[in-house]
Structure formats: structure tokens, C-alpha cells
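Reader: I want to learn how to read this structure feature by feature. Where do we start?

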Amino acid sequence: MTSSPQHPEQQGHDHGHVHSHGPAAPVSQHLRKVIAAVLIPFATAVVVGLAVLWPGGTPGHERSGVGFDRQTEQGRVVSVERVDCKDVNAGQVPPTGDTSTPQGREAVDAQQGDCGKATVEVTTGKDKGRRFVEIVQPDAPRQLQEGQGVVVAYAPDAPRDLQYSVTDVDRGFPMALLAGIFALVVVLVGRMRGVMALIALAVSFAVLTLFILPAILQGANPLIVAVVGASAIMLIALYSCHGITARTSVAVLGTLISLLLIGLLGSLFIGWASLSGNTDDNTGLIKGLYPNIDMSGLLLAGVIIGSLGVLDDVTVTQTSAVWELHQADPDMGPRALYRSAIRIGRDHIASVVNTLVLAYAGAALPLLLLFSIAQSSVGTVATSELVAEEIVRTLVGSIGLVASVPVTTALAALVVSADRPGRAVDKAAAPARGGRGRRRKK
């Protein structure tokens, strides 16, 4: 008889134990409906945007034969022999002996030393099996070796002996091997999450190559294309890697708000600073081939897409921090949750912003070296368009990144603490536990 009254009390005790130390309490059905009411229209708008702006392929153009806009095939170096540079550079201007200028040094080098005379065989295309000779100067940064795979450019309008030339080496195998090692490490460490991350990465690359790039080339507004494409990547990547949960939905909302802020700031300062987006040979070639492209809009699209990856990391981390803090102490209110989680966010901000700046500085290192050689002042370097683009890109992305921390933390704290489904059961169990204590005192 003593065991029967304790049975419901034990059930209440077990429920309280699971609630306190098990998975974080889910949000209520009402909050799920609120989140769905925000995200479903947003996801629908993204799908509609993809359907309306879908390009259907990259527009064709007549090849200019300049830079990357050349017809290329694969080739293989059959043999390399050393010859006197005077014999193979007879058509060049004889050296004057003056090596004080780059032109003079090049002329002297072209007539002195041993050059490489490489026989290259075309291995793909309509001229497969055709061979041609490539002369490699002794001071050339890329020396050819027998058996090496190369990329050859084809110029159909040139004389037959000059139609093919080596433009690069074939790096297919080492790049594929590195990608395989990366995928293996991700799967071994991340397991199923790692597999989903790789799938999300493949989908992101597909959206970029099948939608964003062709749509911009078709003449669509680069900003709109970038927003729609980045939103699609965000939805697919976050939900596939972290599941369709309220926690992920909060991270999506925080990322979306931050992307909108980046878009607004980027549009304002790119226009205010008069950044054209056409600053080097590659962007000049794009503008020449597709005159309808808005190059400043393309610059802004790059800022948005480049910021997305870091934003996903920050928003997911902050949301997870809030959920874990709530699981550790379910009685924490939204203010306490926010204060605790924002301390984690500040550490994250300090490291990620530094990473962004160093990443951009590393990418622009050759450009910075040129300015250093020219002995330009810091102000001149910073306000030149080439460097100003990178500064605007870095600072706008960093502002959005920093803003994502308090925004996402506040959203997560409000959502996770708004409803506590297990509280009513815990209160019902409390009198029974108190009664049991009184009986034990007797």
C-alpha cells in the first residue's frame, strides 16, 4: 500500500529529470507557427525568384582570343631539349648590353644561356595527335618537363605553325587529390553532419554556376540575382546540415537580416565612393564581352555572396549557444540568456573579423607590394579604386558580421524562453513532492 501513492510522484520526478537534463525543450506550437509564417513566404519568394530569373544557360559570344576567353585543349610534353637561345631567338632585337632597364635585361637574356625546346602533343579536340614546338626562356617562371600535362590555347586565325601555344600546366590530379582528402577529413570528423555539409557545398556550387553566373551574364540585375541565389544557398545549406528545427530557423532569420544590412550598406558606399567594379584586365574583358552587365552591381553581388559563408557560421554558433545555455538552466530569462550568449559572441567577433581582414589582405598582397614599390602614401593607396574596393568589401562584410551576433542572439533568446511546455507538469508535481517530504518527517 505504501508503494501505490508514490507511483505518480515518481512519474512526476522522472518527468522533471528528463526535462532538466535531456534535449533542450522545444518551442511551443504557437511559436513554430509564427516562425513558419515568416519563413514560408520568404522561401516561396526565393523559389519564385529562381523560376523568374533562371537563365537557361550561359549566353554565347564570339571568342575574342584574349585572356581566359580563348579556346583551349589538353596537351602533353613529349620531349624537351636544351638549345642555345641565340638559335631560337634570332628574330628578337639584338641586346644593347644595357641591363639597367627591364627591356634591356630581357633582350640580353633572350640571347644568352640555354633555352628549352619542348615538343608538345595535343591530346584533345579535333587536332588530337598534332604536335608543335614551344620555346621556354631560361628565366621563364614556368619550365616544362617531359611527360608533363599542359593546357594549350588554340588560335584558328593564326598561321598553322603558331595556332597552338602552351598557356598553363594541367593541375587536375593534385587538385582532385586535395579535394578528396578534404572530403575524407570532413566525413571522418563530422560523420553524418560532414556528409550533409559536403552535399550542401555541392548544391551551393551548383546554384552559383547554374544560376548566379549565367543570370548575371544574361543581363539580370546582379544585386537581385545575388540576393535570390544567396538566399537559396542559405536555406539549403542550413536546413540540410542542421535539420528543419526552430533553432535552425532562428539562424536563418538572423542571417537574412544581416544580409539585408550588408546589401544596404554595400549599395550606399559603393555608390558614394564611385566604385565602378571595372579595375583590371579580367573585369575589363567581361565588360567588353557583355556590355550590359552592371559592374558596380557585380561588385555588390560579390560582397553579399562572400559574406554569406561567414554569416552562416556566426549565426548557427550563436543560436546553438543560446539553446545550450537554456538547456543547462531552463529558468534563465531572455535577458540572462542574451547576456551570457553575447559574451560568447564577442570572442567569436574578435577572431572572425581579424580572419576576414587577413584573408582579404592576403588575396591583395601582390597589389600591396606594387604600391609599396611605387612608394605611395598610405592615403593614396587606400583611396585608389583597386584597394578601396577591397576595403569596402571587408568593412561592409565585417559590419554585417558584427551586427549578426546581437541580432541572432536576441532572436534566439526570445524564441527559446518565450514558452516552456514542461512548466505546467513540473508545477503539478511540486505539491506531491512536498507532501512526500512531510510524510517522511512524521
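Author: With the names of the elements. Helices and strands are DSSP runs, numbered from the N terminus, and a strand needs at least two residues. Take Val151 in this predicted model: Val151 sits in strand β4, which covers residues 149-154.

Reader: Is Val151 buried or exposed?

Author: Buried means under 20% relative accessible area. Val151 has 17% relative accessibility, so Val151 counts as buried.

Reader: Now helix α5. How do I read its end-to-end span?

Author: Compare the end C-alpha distance with a straight helix at 1.5 Å a residue.

Reader: Where is the kink in α5 centred?

Author: On Gly190, with an angle of about 135°. After the helix comes Gly219, with a positive phi near 105°.

Reader: Which residues of α5 are buried?

Author: Among them are Val186, Gly194, Ala200, Val207, Phe211 and Pro214.

Reader: And which residues form the nonpolar patch on the surface?

Author: Phe173, Leu177, Ile181, Leu184, Val185, Leu188 and Val189. Together they have about 760 Å² of accessible area. Phe173 belongs to α5, which spans residues 172-217. Exposed means over 50% relative accessible area. Phe173 has 66%, so Phe173 is exposed.

Reader: How do I describe a pair of aromatic rings?

Author: By the distance of the centres and the angle of the planes. A search of the whole structure finds four aromatic pairs. In one of them, Trp54 and Phe211 have ring centres 5.7 Å apart and planes at 20°, so this pair is stacked.

Reader: What does the pair of Trp54 and Phe211 tie together?

Author: Parts that are 157 residues apart in sequence, because Trp54 lies in the loop between α2 (29-53) and β1 (71-84), while Phe211 lies in helix α5.

Reader: Are Trp54 and Phe211 buried or partly exposed?

Author: Trp54 counts as partly exposed, at 45% relative accessibility. Phe211 counts as buried, at 0%.

Reader: Which residues do ring pairs link into a cluster?

Author: Phe132, Tyr154 and Tyr164.

Conventions:
Residues numbered from 1 in each chain as written. Predicted model: local features only at pLDDT ≥ 70, side-chain atom pairs only at ≥ 80, totals over all residues. Heavy atoms only, no water. Patch = residues over 30% accessible without salt bridge, like charges linked within 9 Å, V, L, I, M, F, W, Y side chains within 5 Å. Areas by Shrake-Rupley, 256 points an atom, 1.4 Å probe, with all protein chains shown as cover. Salt bridge = Lys/Arg side-chain N within 4 Å of Asp/Glu carboxyl O. Helix = DSSP H or I, 4+ residues; strand = E, 2+ residues; numbered from the N terminus. Buried < 20%, exposed > 50% of the residue type's maximum accessible area, 1.4 Å probe, protein only. Expected span 1.5 Å × (residues − 1). Bend = angle between axes of the 7 residues up to and from the residue. Phe/Tyr/Trp six-rings, centres within 6.5 Å; stacked < 30°, edge-to-face > 60°.
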